[in-house]
Amino acid sequence: MAMTVHVDIVSAEGELYSGQGEMIYAPAVMGEIGIAPRHAPLVTRLKPGDVRVAPGGGKPMEHFYVSGGIIEVQPFRVTIMADTGVRAADLDEAAALEAKKRAEEALANKTGEMEVARAQAELAEAVAQLQTIEKLRKMKK
Amino acid sequence: MAGAKEIRTQIGSIKNTQKITRAMEMVAAAKMRKAQDRMLASRPYAEKMRQVIGHLSLAHPEQKHPFLERREVKAVGYIIISSDRGLCGGLNNNLFRALVKEVKALQEEEKGVKFCLVGNKAVAFFSRVGGQVLAQATQLGDVPHVEDLVGTVKVMLDAYLDGEVDEIRIAYNRFVNTMTQDPTVERLVPLPEPSEEEREKLKHHWDYIYEPDAREVLEDLLARYIESLVYQSVVENGACEQSARMVAMKAASDNAGSLIDELELVYNKARQAAITQEISEIVSGAAAV
């Protein structure tokens with residue numbers, strides 16, 4: 001039997017996956033990474049994209065879409081803490097501004113900048129989603 | 001029989017009220033179950049984060065992040081979590097009462113207090129009471145999402161990083177069981193120090209490879225960790241709201257039931273008295289003829 005590593009994929013709103021994996025692929029900020037069992041300990045951020053887990057034993061590859069998050073790798077354990085929504089520094093800022101605005105009940109004129117940041121993040125997410133779909137399609141064929 | 005008719009309409013209106021409270025009770029019971037499931041679902045995330053943060057902060061004792069560092073408290077920021085809707089017994093009021101006591105004590109020591117509010121009830125309460133409100137989020141609905149809270153939390157964290165507040169506390173109702181909700185005020189930031197036991201366990205531990213670098217990863221992790229704690233509190237408060245509402249509505253339905261019983265007794269007495277009176281009138285009338 002091939003060596004496996006325990007994989008947990010969790011988001012703040014629930015657990016997505018928990019089980020064994022022979023190989024895990026994740027979209028890290030510095031480029032896509034593939035993790036085999038006994039990988040050196042690693043912590044890195046994820047960007048929007050798809051996470052794939054090969055459970056081994058001839059079972060089909062599991063796909064998950066993440067819009068960002070953090071991956072923690074230990075030799076026999078991989079944890080992916082996925083974000084539930086689109087996140088970017090500018091967007092977080094925008095959300096903060098919005099919360100402030102609500103409190104002040106005043107109109108801010110900074111909507112222009114916010115819109116651009118939001119559109120950019122949404123575009124990045126949409127592209128990543130499309131790529132995931134594309135990959136899935138190719139696999140089906 | 002004027003009195004009897006009045007009583008009838010009164011019974012009718014109480015019955016209508018009872019129907020409403022009973023329906024609300026059942027809705028709350030169904031929602032409570034879902035809210036409890038959500039509460040359990042969000043636990044693994046925070047737990048995993050805590051582990052990684054523990055590793056990180058112990059592996060890099062030289063890199064002190066502000067969220068982990070304790071400083072003298074001159075101002076306290078409160079994130080207050082309440083429900084959007086009323087009719088849930090004393091849930092929100094109990095929390096606010098506990099909070100006001102704390103805030104008064106702080107003000108007597110001449111420490112600043114700032115608020116971030118979640119939920120309509122907190123907004124309404126603090127618009128009456130007053131206080132410096134930095135941000136607010138309302139109408140989260142039955143299924144709160146982390147994204148809805150990001151802004152509010154960030155305002156508070158920014159205030160902390162800028163030194164406007166030296167400690168962040170969170171106030172919410174902790175879910176003990178269906179009958180009991182515990183108004184809780186906890187310190188959120190700075191994070192509690194890892195215990196001696198954990199320290200010992202990780203002493204000879206390997207370190208991670210960080211991409212892009214340790215500080216950035218730690219910053220990301222901490223912000224998300226705090227968000228997840230706030231989210232957890234919101235979800236927990238939601239479960240409390242539903243169970244408190246269920247209990248309150250059950251009490252209301254029961255009260256309406258006993259009120260109806262009493263009124264029916266009064267009604268029957270009035271009816272019988274009227275009939276008796278009528279008969280005696282007829283009999284005496286017949287006797288007179």
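These notebook entries record what I looked up in a predicted model with chains A and B.

**Conventions.** I number residues from 1 along each chain as its sequence is written, and I letter chains from A and number ligands from 1 in the order in which they are written. In this predicted model, local features need pLDDT of at least 70, side-chain atom pairs count only at pLDDT 80 or more, and totals for chains, interfaces and linings use all residues, while side-chain values use heavy atoms, with hydrogens and water left out.

**Confidence.** I began with pLDDT, the predictor's confidence in each residue, from 0 to 100. Chain B has a mean pLDDT of 87, and 94% of its residues reach 70 or more. The lowest mean pLDDT, 67, belongs to helix α6 (residues 196-201) of chain B, and the highest, 93, to strand β4 (residues 167-175) of chain B. Where pLDDT is low, the predicted coordinates should not be read in detail. For the complex, I noted an ipTM of 0.70 and a pTM of 0.80 from the predictor.

**Interface, extent.** Counting contact as heavy atoms within 4.5 Å, I found 37 residues of chain B in contact with 35 residues of chain A. Buried area is the accessible area (1.4 Å probe) that two parts lose on being put together, summed over both. Between chain B and chain A it is about 3200 Å², and carbon and sulfur atoms give 62% of it. On the chain B side, Tyr45(B), Lys48(B) and Glu211(B) lose the most area to chain A, together 20% of what that side buries.

I applied the salt-bridge rule (a side-chain nitrogen of Lys or Arg within 4 Å of a carboxyl oxygen of Asp or Glu). The count over all chains is 19 salt bridges, and four are found across the interface of chain B and chain A. I looked up the pair Lys48(B) and Asp8(A), whose closest N and O atoms are 3.5 Å apart. This pair runs from helix α2 of chain B to strand β1 (residues 5-11) of chain A. I also recorded the salt bridge between Glu216(B) and Arg45(A), at 2.5 Å from N to O.

**Interface, composition.** Which elements of chain B each supply at least two residues of the side that touches chain A? I listed α2 (43-59), β3 (132-137), α5 (146-161), β6 (209-211) and α7 (214-288). Of the elements, α5(B) gives the most to that side, with eight residues.

**Strand pairing.** Two strands pair if DSSP finds at least two bridges between them. Within chain B, β4(B) and strand β5 (residues 181-189) pair in the antiparallel sense over eight bridges. They form a hairpin with five residues between them, and in β5(B) Arg187(B) is the bridge partner of Arg169(B).

**Backbone.** I found a cis peptide bond from Val189(B) to Pro190(B), with omega near -5 degrees. Pro190(B) lies in the loop between β5 and α6 of chain B. Leu87(B), although not a glycine, has a positive phi of about 55 degrees. I placed Leu87(B) in the loop between β1 (75-81) and α3 (91-108) of chain B.

Definitions and conventions
Helices (H or I, at least four residues) and strands (E, at least two) are DSSP runs, numbered from the N terminus.
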